[in-house]
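Biologist: I would like to learn how to read a model like this one. Can we go feature by feature, with the general idea before the case?

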Amino acid sequence: MQSKNSSVKKPYQEYFSKEHDMLRQAMRDFVKKEILPNIEEWEEAGEFPRELYKKVGDLGFLGVTFPEELGGASGDIFDSIVVNEELMRSGSGGLAAGLGSLGIALPPIIYKGTQEQKEKFVKPVLAGDRIAALGITEPGGGSDVANIKTTAVRDGDHYIVNGSKTFITSGIRADQLTCAVRTGGEGAHGISFLVIESDTPGYSVGSKLKKTGWWASDTAEIFLDNCRVPAENMIGEENMGFYTIMENFQMERLQLCVMANITAQMALEEAMKYAKKREAFGKQLTGFQVIRHKLVDMATQVEVSREFTYRIAAKINAGTNQVKEISMAKNFACDVSDKVTYEAVQIFGGYGYMRGYLVERLYRDNRILSIGGGTTEIMKEIISKLI
Amino acid sequence: MEILVCVKRVPDTSENEIEVGSDGQDIDRDDLVYSVNEWDNYAVEEAIQIVDKVGGKVTVVTVGDDESEEVLRREMAMGANEGILLSDDAFESSDGKGIAAILKAAVEKGSYDLIMTGAQADAGAGQVGGMLAAMLDQPYASLVNSIEVIDDKKLKVGREIEGGNQEMNEIQMPCVLSIQTGINEPRYVGIRGIRKVASVDIPVLGASDLGIDSGSVGNAGASVKVQDYFVPVFGDGAEMLEGSTEEIIDKLIELLKAQGGLK
């Protein structure tokens, strides 16, 4: 039996294979049963249960692109896109960001760390037994990465670390912080990465930061007061950390594109459903040309942005440098999700402003996407040097 | 123990809004998201658990088109050891008896101690398990909600019966069981399972491989044919209570008292 569709389809370049589809189905099944029924509660509580890391880790969904021997699945970029999209389908960017903080915290260790460091700081995180966070942003500066003030001064077998980090995703519960510190002189050339464990004396966490969106992720300020960190926790070469940060940003930005696109997609879907159901002045909202055209514009923007992101992902997957393009994609995707979430709330009217409606949360969750992982303005600075 | 579980690819009702197609002969199948029939998934989980305890092998089988392979692969990623796809243009539009006949032919090509089906699938007819057992001349228990292996010849099976009551039976193997949801907690599919089965070859058997006369199955062999699908018209009888919450509660209590629901 040939299915109707497969007999007429001609082959074209697909981004997602059947194996990716299986992963998507498996993730969707998990999200539907384990996350969706609880997500409202977790959003209000400002965090999700710690056991969720373990449940997701047991299924191998944490860090799917990381090497199998470390507990990953040696997957490609589209595996990570699938996982991110389906976690976002929970309707909570905070949940995706919280579970995903290892996606930015581990790469420096995986790509620059020693075997011992990987055993100690990567394996337990991918198994869901430990929580990892990345510490770069400081109260005095976010985008200005080269100007990091937290210092690490060598003292025998240790570094003495002083300073503070803020807006740290998973910061409240993190067991380990992949932390950018100044080990050398001023500027980009004096920065290194140290893994600092949260039980190190002098490591303390401020109260949970209350945010516009991403409620289900715990976000914190972390204080480092004369923390004695073993020198063996230095990741890669001393003073070479800035370049590691820059390399790390590419994948983070790709995942932020994915988050923006799926946020817009969900807002569009919600708006379409509502416009078909809701009546005003005696007819459905879709009966009004102004609403139909609005939905068309939203759908067109979402489609274009998603295709652009996937195309760049395919190129990165093939090993092509896409610094300029990924920066463009991030700005484009965030611009689209800004517009689409705004319009979705507009279509919902007063209900769109009410808690408990998905578009209300999408609208709030969306706001961080053009700030985190490099602001729109920083993206433009990068692009301006490359065109 | 050699266990065969019959599974089906069905529209996922949580992912789709099901609508009747314009010709009234079927639901509108364009752009539907499909998944494995929920009852079948419980059956596969139960089979995996039995094999984990007493050893053996779980084989999953389905009758369907080339896209049905995805549900076999899914159940194999979950832990089933092998899959068999029964696919032929001649199988299309089979009725319950036709599907049971196709499955019977597949069963006879192997040697199974236990055959499981879901209690029902998307059409809700719940015919296949019973018919398959009859065709194989094997004992059958329906709506099974617990299985305990007594020895290599007998099982103790629980059945859900009317009014939430429970019945326990001893059944001789080989036998056919139709499995009720809730018998276990089906595991999730993880990425390691997916990797394991992604490139495994799944054998496809057609009518001639199974020795089935094409005219005896499919649309040609069907004795039960769908005539019409439609959404029933809403009847009267619902009354919407209006007013403040307190007023609604008062009216509701009054109504319940008047109808004898409250004393």
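Modeller: Start with contact, which means heavy atoms within 4.5 Å. On that basis, 26 residues of chain A are in contact with 24 residues of chain B. Keep in mind that this is a predicted model.

Biologist: How much area do chain A and chain B bury between them?

Modeller: About 2,200 Å² is buried between chain A and chain B. Carbon and sulfur atoms account for 51% of it.

Biologist: How many salt bridges are there between chain A and chain B?

Modeller: A salt bridge needs a side-chain nitrogen of Lys or Arg within 4 Å of a carboxyl oxygen of Asp or Glu. Between chain A and chain B the count is four. One example pairs Arg195(B) with Asp79(A), at 3.2 Å from N to O.

Biologist: Which elements give two or more residues to the side of chain A that touches chain B?

Modeller: They are helix 1 (4-8), helix 2 (18-35) and helix 4 (51-58) of chain A. Helix 2 of chain A gives the most, with ten residues.

Biologist: Next, aromatic rings. How many aromatic pairs are there over all chains?

Modeller: Ring centres must lie within 6.5 Å to pair, and planes over 60 degrees apart count as edge-to-face. The count over all chains is 13 aromatic pairs. Take Phe78(A) and Tyr310(A): their ring centres are 6.3 Å apart and their planes at 70°, so this pair is edge-to-face. The pair links distant parts of the chain, 232 residues apart. Phe78(A) is in helix 5 (residues 77-88) of chain A, and Tyr310(A) is in helix 12 (residues 289-317) of chain A.

Biologist: Are Phe78(A) and Tyr310(A) buried or exposed?

Modeller: Both Phe78(A) and Tyr310(A) are buried. Ring pairs also join them with Tyr15(A) and Phe16(A) in a cluster. Over the face of Phe16(A) lies Arg24(A), 5.1 Å from the ring centre. Elsewhere, the charged end of Arg154(A) sits over the ring of Tyr159(A), at 5.3 Å from its centre.

Biologist: What should I look for in the backbone?

Modeller: Most residues other than glycine have a negative phi, and most peptide bonds are trans. Look for departures. Ser170(A) has a positive phi, near 70°. Ser170(A) sits in the loop between strand 3 (158-169) and strand 4 (176-182) of chain A. Asn226(A) also has a positive phi, of about 50°, and lies in strand 7 (residues 219-230) of chain A.

Biologist: What are the relative accessible areas of Ser170(A) and Asn226(A)?

Modeller: Ser170(A) is buried, at 0%. Asn226(A) is partly exposed, at 48%.

Biologist: Where is there a cis peptide bond?

Modeller: One joins Met173(B) and Pro174(B), with omega about 0°. Pro174(B) is in the loop between strand 9 (165-172) and strand 10 (175-179) of chain B.

Biologist: Last feature. Why is helix 14 of chain A largely enclosed by the rest of the structure?

Modeller: Buried means under 20% relative accessible area. Seven of the nine residues of helix 14 (residues 358-366) of chain A are buried, so the helix is largely enclosed.

Notes. Residues are numbered from 1 along each chain as its sequence is written. Chains are lettered from A and ligands numbered from 1 in the order in which they are written. This is a predicted model: local features need pLDDT of at least 70, side-chain atom pairs count only at pLDDT 80 or more; totals for chains, interfaces and linings use all residues. Side-chain values use heavy atoms; hydrogens and water are left out. Rings of Phe, Tyr and Trp (its six-membered ring) pair if their centres lie within 6.5 Å; planes under 30 degrees apart count as stacked, over 60 as edge-to-face and the rest as tilted. Helices (H or I, at least four residues) and strands (E, at least two) are DSSP runs, numbered from the N terminus. Buried means under 20% relative accessible area, exposed over 50%, partly exposed in between (1.4 Å probe, protein chains only). A charge sits over a ring if NZ of Lys or CZ of Arg is within 6 Å of the ring centre and within 35 degrees of the ring normal. Buried area is the accessible area (1.4 Å probe) that two parts lose on being put together, summed over both.
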